[in-house]
Amino acid sequence: MPDTLPQSAKLLVKLHGKGSQQIELTLETLTIGRKTDNVLVIEDPAVSGHHARIVKIQAVFFLEDLKSTNGTSLNGRPITRHQLRDADVITIGQHRLVFQENVAPSTAAPAPFVDLDRTTVLRGTDRTPDGPTLTAKVLVIAGKTDRVEYPLTKQVNVIGSQDGAVIRLTGWFAPKSAAIIARRGQSYSISPSREAKYLLVNGTDVVGQQELKDGDQIEVAGVKLTFCILSGTK
Amino acid sequence: MHSAKSDTGLKRPHNEDRFVADPPLGLYVVCDGMGGGNAGEIASALAIEAIRTHLAEADQRADLPLIGSCDATVSPRANRLASAIRVANDAIHRESWSRPDYVGMGTTVVAALLHDEVLAIAHVGDSRLYLIRNGAIQSLTTDHSWVTEQMLKGFITEEEAERSPRRNIVTRALGVENSVDVELTEVPVKSGDMLLLCSDGLTRGVHPNDILHILGGPDSLPAMSDRLIAMANEAGGDDNTTVVIVALRDDLQAGLWERLKKLFAA
């Protein structure tokens with residue numbers, strides 16, 4: 001499987017006044033500093049003993065400053081810890097290190113891949129924009145409600161006396177929730193609530209759930225409503 | 001009434017899945033963590049803890065600030081659930097910078113908040129929620145995964161998506177970035193409905209029709225969750241598997257009973 005090839009990365013090291021060299025980033029950690037126990041030793045008093053390091057975590061490389069006296073910059077900005085991307089320039093004193101990453105050859109597959117069995121996150125993918133949403137409203141024909149018409153803007157629109165009900169029943173014995181009109185994708189459907197004694201659509205009893213069509217007459221808990229689709233709106 | 005079970009599977013060294021089933025809060029969550037070493041477990045554990053804590057606090061204090069933007073198409077309760085998930089995102093993201101081996105850790109989340117006859121669902125990633133009603137099973141979540149997005153765009157078929165070696169790539173996850181796009185859905189539910197929240201360990205190997213066969217059967221809820229886990233392991237057990245099954249009849253009655261008790265206690 002060519003798209004699982006591990007990414008390889010290199011560091012182009014340009015030491016001030018010493019020309020350049022290339023280092024393959026094969027280790028999990030590449031330490032940089034003045035002391036000789038570092039992988040990359042830079043003999044310069046402006047460089048701290050243990051100045052910075054590059055750590056590889058799965059397929060991603062990170063640059064960390066190890067609380068150095070003079071600091072570490074990435075693309076001109078001081079950092080304490082930052083992810084490395086291709087062509088990033090690390091500056092330590094007057095020395096420059098260019099991070100070069102070879103992305104896996106397959107172009108069809110999004111990188112990075114770590115392990116096919118493991119869940120991997122692919123960031124920054126385009127999100128499919130939602131299509132235009134159908135909107136609808138109900139008109140109150142008869143019964144006690146706090147308004148005469150209600151736009152159905154929510155996914156779940158409760159008809160009842162409870163707080164948060166979209167179609168607010170104000171009759172004395174109105175149930176907290178009489179019925180629910182739900183939008184799912186491009187369609188609306190109505191279903192009776194537990195407290196509902198009856199729910200009629202165009203005079204027919206609704207037991208489970210029924211899809212609503214433009215002009216449908218709804219009768220529930222002492223109110224009569226007309227369902228209207230508002231076409232052409234977004 | 002509910003039953004929840006989580007299993008490491010046959011091939012993984014750890015179980016990075018975590019779940020919550022908290023009937024008094026009406027909260028059910030499944031998280032499938034990812035990251036090197038034990039980072040995946042840390043991420044999923046942080047997520048469930050942050051989500052539960054935020055919702056419990058919101059129950060006590062109505063003025064608890066809502067994190068993130070408010071979605072006018074869903075109820076305040078659903079917005080509270082999304083807020084809890086954003087808090088979790090922040091907790092994981094901050095923790096991920098505390099140790100080198102935590103970098104990049106994240107988790108999927110599917111969370112259901114049940115109140116009376118309305119179910120709010122929030123999800124990020126490829127953990128799913130199924131509704132089982134009148135002998136039919138329907139997924140109420142759309143995976144945030146590369147293959148699903150390709151399928152929705154019509155580039156690949158459902159069959160190709162199921163076989164794709166890239167099924168493991170999620171396009172959204174909790175904790176990976178400093179903000180997260182939470183998908184919120186709200187639906188009416190009723191007595192007799194069943195919910196199944198699960199990690200992809202179940203859905204990779206077990207077809208929804210086979211899940212329906214178990215959940216539509218006469219078994220007790222714990223026997224059903226055992227059976228689903230066994231089926232995932234029979235299909236290879238490549239991944240951790242977590243299932244949370246909620247049978248709505250008893251939950252609604254329990255909710256009523258709790259409210260009655262509170263009424264008399266007051």
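## Contact range and overall form of chain B

Where contacts in chain B join residues at least 6 apart in sequence, 70% of them link residues at least 24 apart, a contact being a pair of C-beta atoms, placed from the backbone, within 7 Å. The model is predicted, so local features need pLDDT of at least 70 and side-chain atom pairs count only at pLDDT 80 or more, while totals for chains, interfaces and linings use all residues. Residues are numbered from 1 along each chain as its sequence is written, and chains are lettered from A and ligands numbered from 1 in the order in which they are written.

Chain B has eight helices and eleven strands, taken as DSSP runs numbered from the N terminus (helices H or I, at least four residues; strands E, at least two). Its radius of gyration is 18 Å, close to the 18 Å that the globule rule gives for 266 residues, so chain B is as compact as a globular protein of that length; the radius is taken over C-alpha atoms, and the rule is 2.2 Å times the number of residues to the power 0.38. Along the principal axes, the C-alpha atoms of chain B fill a box of roughly 55 × 45 × 35 Å. Of the 266 residues of this chain, 52% count as buried (20 or more other C-beta atoms within 10 Å of the residue's own; exposed means 12 or fewer, and partly exposed lies in between).

## Nonpolar cores

The largest nonpolar core holds 107 residues, of which B:Val29, B:Ala47, B:Ile85, B:Ala88 and B:Leu196 touch the most other members; such a core is a set of buried Ala, Val, Leu, Ile, Met, Phe, Trp, Tyr and Cys residues joined through C-beta atoms within 7 Å. Helix α1 of chain B (residues 39–60) gives the most to this core, with ten residues. Apart from it lies another core of 20 residues, including A:Val47, A:Ile57, A:Phe61 and A:Leu74.

Beyond its neighbours within four places in sequence, B:Leu196 is in contact with B:Tyr130, B:Ile132, B:Ile211, B:Leu215, B:Val243 and B:Ile245.

## Strand pairing

In chain B, strands β6 (residues 128–133) and β7 (residues 136–139) pair in the antiparallel sense over four bridges, pairing being defined by at least two DSSP bridges between two strands. B:Arg133 has B:Ala136 in β7(B) as its bridge partner. The two strands form a hairpin with two residues between them, and B:Asn134 in the turn has a positive phi of about 50°.

In chain A, five strands form an open sheet of mixed pairing, in the order β16-β15-β17-β18-β21. Its edge strands, each pairing on one side only, are β16 (167–168) and β21 (210–211) of chain A. Strand β15 (residues 156–160) of chain A runs parallel to β16(A) and is joined to it by two bridges, with A:Arg168 in β16(A) as the bridge partner of A:Gly160.

Terms used
Contact = placed C-beta atoms within 7 Å.
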